[in-house]
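Please look at the model below with its two chains of text to hand, and follow the explanation from the overall division down to single residues.

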Amino acid sequence: MLVVAAVLAGMVWSRLAYWQVVQHGRLAMQAQAQYREFVQLPALRGAIFDRNLKQLVVNTTVYSAFVSPDQVAAGDRDRVATGLSSVLGADKAKVMTTLASNTKFAYIQRRFAKTKADQLRPLKLPGVGLQEETQRSYLPGIATGSTLAANVLGFVDWNGDGKYGVEQNYQQVLGGTPGFISSYRDLANREIVLGTHTHQDPINGQDLVLSLDANIQYAAEQALADGVKRDNAESGSVLIMDPNTGGIVAWADYPSYNANDFNHTDPALFKDNIVGSVYEPGSVMKVVTLSGAMNAGAITPDTVINDPGVLSVGGYRIYDWDRRNHGNVDYTYVLAHSLNVGAMKAMQAEGHPAFYSNLQAFGLTKPSGIDVADENCLLPPAADKMSDSQYATASFGQGIDVNMVQMLAAINVVANGGKYAPPHVVERVGTHINPVLLQPQRQAISPQTAAKMTAMMQQVVQHGSGWTSRIKGFELDQAGKTGTSQIPVNGQYTQDVWASFVGFLPAQHPKFTMLVVIRKPHYPGADRDWTLNDGYMTAEPIWKTIAQSLVVDWHITPDPH
Amino acid sequence: MRGDRSTGSANDLAKDEVHVLTSTRILARRRLGTAGATPHVTAQPRRRRRTRGFVQVAGAVAAERLRLNMFGHAYVGVGAVVIGLLFYLALAAQITQASYDMSRLQDQQRQLIAEQDQLRYQEVTMHAPAMVQQQAAQSGMQRVVPSSYVAGSPVAIDLTTPLGASPADATPLWMRAVATVVNAVGGTRDVMAATKH
């Protein structure tokens with residue numbers, strides 16, 4: 001009897017121990033969940049300003065309307081549906097269906113403006129609630145369906161997470177740290193005012209000041225959209241940089257999207273072509289090749305070579321764009337008329353290792369490291385893995401892939417007296433200057449080489465393929481280079497091209513460096529003369545229009561001569 | 001009565017001193033004063049007096065005056081409870097009211113913040129390049145790119161050249177004398193301002 005009693009008691013005690021010791025944590029949490037209320041206090045997301053402290057993004061409060069169908073009596077359904085459809089424009093039949101369903105909760109409409117919420121409140125519709133939410137609102141862009149600088153800024157999704165661009169890259173800084181209030185509540189789910197409260201204030205996100213100029217950004221987007229439409233192109237991009245600091249002044253893509261309405265946008269448009277896509281830069285690369293060869297002492301602007309219009313390398317015959325025999329020409333002429341044979345001979349004169357080192361010095365063998373999310377790059381193979389023909393084509397910008405940021409930063413070396421300025425978009429985080437700006441810039445080529453190359457690029461505008469970019473008054477002060485490269489598809493080059501133009505002005509004291517890339521242009525008449533798709537007809541006029549805006553807005557004057 | 005007792009024997013005094021409202025020091029002095037002749041007489045052990053509290057005293061006085069029976073006591077008790085309950089209810093109502101006020105004010109604050117955000121967005125949008133251009137176009141203004149720019153030219157003056165000595169006054173002596181006379185007669189005039197150099 002005693003044993004039975006002991007066994008029974010043991011069973012009871014062990015069961016008690018199970019609930020009180022083993023399951024203590026879980027049960028305590030369940031109990032706490034019943035009487036404790038934990039309210040998260042969201043942190044205010046930091047604002048974003050341009051270089052002139054013009055606000056680019058504003059936090060606004062929006063409202064979402066929801067219904068609890070089980071709290072709407074059958075007799076009230078029609079009144080509720082009518083009220084919601086009249087104020088929010090919701091489909092009345094759909095609302096009626098929702099109200100008749102067994103669901104406990106359903107959104108009627110999400111994220112509408114305060115004006116609508118103000119109209120809805122006085123109706124006092126049973127079972128209808130309003131939920132406040134914070135939304136990022138971006139400035140209007142060039143058209144109704146776009147916002148300013150959408151591709152570089154990105155957007156913030158409904159969970160408060162930054163997506164794409166600066167919003168994603170600086171999520172941690174912009175988002176801040178949310179706080180909370182923890183209090184007790186009664187059976188009716190009301191807060192017990194005199195109960196114990198735990199409270200922690202949120203830490204708001206920090207503001208960002210960008211190097212962007214909203215006015216120039218707008219002008220760039222406008223000129224680009226007009227140009228892409230005129231050229232019947234697939235898309236286009238413009239990137240403008242401050243030559244001295246590497247700060248991005250404008251970052252425009254066309255087509256772009258409306259960041260205020262991202263949930264109705266084709267996700268393909270979110271991809272940014274400037275940093276998220278690579279392209280073959282074409283003849284723009286000759287600036288890098290010839291600069292490197294001059295810096296190595298292999299050539300000078302006056303070095304004369306013979307250009308028969310074709311060169312055999314690694315078993316391939318590689319031609320100039322016009323397949324003409326140009327005879328004896330100097331390197332200034334080679335750059336002005338964009339001769340592939342000249343570029344290949346310059347590369348051969350300095351040698352493969354020096355050429356590869358030069359690519360490294362110009363930052364083309366690694367990502368640019370720009371502070372915008374989702375940088376994409378296709379790095380060249382190691383120096384010893386590249387064939388002779390690869391070296392040859394790379395010298396004039398084919399068979400080598402870069403993104404636009406890499407390419408503009410490389411050309412900017414020439415504009416910046418031979419120093420590599422790390423590209424960046426954010427100048428200040430809160431009150432702190434971006435550390436990139438405080439680091440000394442790397443000397444990629446000598447200032448003398450940069451000056452020589454600048455003079456050669458001026459000749460491109462004055463006597464070569466850059467003639468359509470000339471701005472009145474600055475004809476002698478512009479430096480530039482065109483680029484046109486065929487687009488490969490499945491390993492075969494097609495007739496579609498990337499057309500580009502890069503340039504800076506005033507040549508001796510540059511205020512900006514700009515790269516324009518147009519993808520798959522089909523310029524009117526190009527079916528008869530394919531050269532009409534070249535950079536000088538497609539990208540250059542866009543460059544010129546934007547440069548004119550910059551000259552006016554920034555009060556740029558020509559250099560004295 | 002007490003004065004009579006104080007004149008009695010030491011033993012009587014020791015017995016009654018517990019009923020007298022005097023300080024211990026006074027009692028000790030009295031003991032020493034009277035017991036000086038009989039130092040070996042041991043004092044009776046003192047019994048500590050239990051003081052009655054105010055409530056007890058007041059209750060006793062009230063009961064004595066009101067002559068409350070058992071029901072009277074119950075009524076008073078209930079009354080006290082009712083007063084306490086009313087006090088509690090008033091306090092609770094005040095707290096509830098404050099709670100409602102807080103909720104209302106918080107709601108109002110949220111709405112004002114929302115309105116402020118809306119106004120800020122409107123303000124920022126008004127200064128956005130797109131709106132500026134749109135308003136300018138509505139006003140009939142057009143953005144015109146200057147047809148040409150004046151090209152810079154080298155500075156004609158060599159600013160680095162030393163200035164040198166000031167030029168000597170080449171005015172003839174007779175002219176200075178005439179000027180002195182004229183100035184003295186007709187008042188001073190700045191003749192140098194009209195001089196061509």
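Predicted model: local features only at pLDDT ≥ 70, side-chain atom pairs only at ≥ 80, totals over all residues.

Residues are numbered from 1 along each chain as its sequence is written, and chains are lettered from A and ligands numbered from 1 in the order in which they are written.

Chain A is divided into domain 1 (40-72 + 104-210) and domain 2 (214-553), with bounds that come from an automatic or database domain assignment. The C-alpha centres of domain 1 of chain A and domain 2 of chain A are 41 Å apart. To their contact, domain 1 of chain A gives 31 residues and domain 2 of chain A gives 27 residues, two residues being in contact if their C-beta atoms, placed from the backbone, lie within 7 Å. On the side of domain 1 of chain A that touches domain 2 of chain A, two or more residues come from each of β5 (128-138), α6 (150-153), α7 (165-169) and β10 (208-210) of chain A; helices (H or I, at least four residues) and strands (E, at least two) are DSSP runs, numbered from the N terminus. The residues of that side of domain 1 of chain A comprise 16 nonpolar, 11 polar and 4 charged, where Ala, Val, Leu, Ile, Met, Phe, Trp, Tyr, Cys and Pro count as nonpolar, Asp, Glu, Lys and Arg as charged, and the others, Gly among them, as polar.

A nonpolar core is a set of buried Ala, Val, Leu, Ile, Met, Phe, Trp, Tyr and Cys residues joined through C-beta atoms within 7 Å; a residue is buried if 20 or more other C-beta atoms lie within 10 Å of its own, exposed if 12 or fewer, and partly exposed in between, with C-beta atoms placed from the backbone. Of the 129 residues in the largest such core, Val238(A) and Leu239(A) touch the most other members. Helix α15 (residues 404-415) of chain A supplies the largest share of this core, 10 residues, and at least three residues are drawn from each of domain 1 and domain 2 of chain A. Leaving aside neighbours within four places in sequence, the contacts of Val238(A) include Ala220(A), Met514(A), Ile542(A) and Ile546(A).

Helix α18 (residues 535-553) of chain A has 14 of its 19 residues buried, so it is largely enclosed by the rest of the structure. At 1.5 Å a residue, its 19 residues should span 27 Å, and the end C-alpha atoms are 25 Å apart, which agrees; the expected span is 1.5 Å times one less than the number of residues.

Two cis peptide bonds deserve a look. The bond from Tyr254(A) to Pro255(A) is cis, with omega near 0 degrees, and Pro255(A) lies in the loop between β12 (248-254) and α10 (285-295) of chain A. Leu505(A) and Pro506(A) are also joined by a cis peptide bond, with omega about -15 degrees. Leu53(A), although not a glycine, has a positive phi of about 60 degrees and, with 8 C-beta neighbours inside 10 Å, counts as exposed.

Chain B, finally, has 7 helices and 0 strands, and of its 197 residues 3% count as buried.
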